[in-house]
Amino acid sequence: MLSVQNLDKRFGGVHATRNVSIDFPNGSLTAIIGPNGAGKTTFFNLISGAFRPNSGKIIFDGQDIVGKSSLEVVRLGMTRAFQVAEIFPSLTVTEAIMATVISHLRKSWTFLRRFPVAEARARTDEIIELLGLADKAGTLSRNLSHGDQKLLDIGLALAMEPKVLLLDEPTAGMGPDERWRMIGKVQHLWQVKKMTVLFIEHDMDIVFKIAQKIHVLKYGAVLAQGTADEIRRNQDVIDAYLGADHHLSAAVGEA
């Protein structure tokens with residue numbers, strides 16, 4: 001579904017992404033982790049079309065999408081929810097998602113066919129129900145809690161019918177209970193929609209609990225990749241990011 005090959009990006013003298021090659025299988029749930037400045041968000045900006053790499057390929061659904069704009073990438077089926085939620089503050093939850101669904105359908109249907117209002121409403125209701133926002137459907141977006149605004153941002157991404165969904169720190173700024181509620185929703189929508197999901201996350205308890213595979217970046221390069229157990233015990237990752245406490249926790253867990 002998505003294959004990144006020898007991806008390289010420089011900003012003047014800063015080498016932000018260094019020869020990164022990663023494959024993301026269809027229907028996978030993958031975490032991208034690493035210390036601050038590792039190049040995680042730059043990596044998302046590259047594969048989503050916000051930045052253009054200096055070299056390398058991004059193969060999405062069989063074609064190289066390097067050079068395509070963010071809008072073109074969205075139309076091909078890759079959407080993104082941001083660390084800071086990008087919502088329509090003056091619209092209700094229903095209105096915001098409906099507007100996005102309508103925008104998507106108008107681009108994918110011919111002008112000769114009557115616009116399917118009933119289908120748009122049904123899809124909006126499905127997304128609201130999937131994210132657990134039914135009781136907030138009539139609430140103005142700006143009046144939602146921080147966590148619900150993040151869920152709405154994911155809902156707007158889902159309205160574009162993605163094959164690949166990018167989530168940039170979906171639990172950022174949340175308390176413990178809200179974090180686990182959010183990540184439960186992410187895992188549920190992945191299971192229901194059977195889409196490919198990539199997420200950046202700093203909470204290692206969350207990463208180790210739900211990610212099928214984890215890729216660790218350091219200084220823009222891939223430091224390690226593997227399952228939760230493999231990453232938890234990787235000495236390079238412990239030294240660069242996890243620290244001795246995680247190493248101790250893993251050892252205690254084996255006792």
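Which residue in S4 does Val4 stand opposite? Good morning, colleagues. Val4 stands opposite Ile58 in S4.

What you see is a predicted model, in which local features need pLDDT of at least 70, side-chain atom pairs count only at pLDDT 80 or more, and totals for chains, interfaces and linings use all residues. Residues are numbered from 1 along each chain as its sequence is written, and side-chain values use heavy atoms, with hydrogens and water left out.

I begin with the strands. Helices (H or I, at least four residues) and strands (E, at least two) are DSSP runs, numbered from the N terminus; two strands pair if DSSP finds at least two bridges between them. The hairpin of S1 and S2 has 2 residues between the strands, and Gly12 takes a positive phi near 60°.

I turn now to the largest pocket. A pocket is an open set of points on a 1 Å grid over the protein atoms alone, where a 1.4 Å probe fits, with protein on both sides within 12 Å along at least five of seven lines; lining residues have an atom within 4 Å of a point. The largest pocket holds about 490 Å³ of space. Its lining comprises 23 residues, and Val74, Thr79, Arg80, Phe82 and Met160 are the closest to its centre. Helix H2 (70–76), strand S6 (78–81), helix H3 (93–108) and helix H5 (146–158) each supply at least two lining residues. H2 gives the most, with 5 residues.

Key. Points joined across faces, edges and corners; volume = space filled by probe spheres on them.
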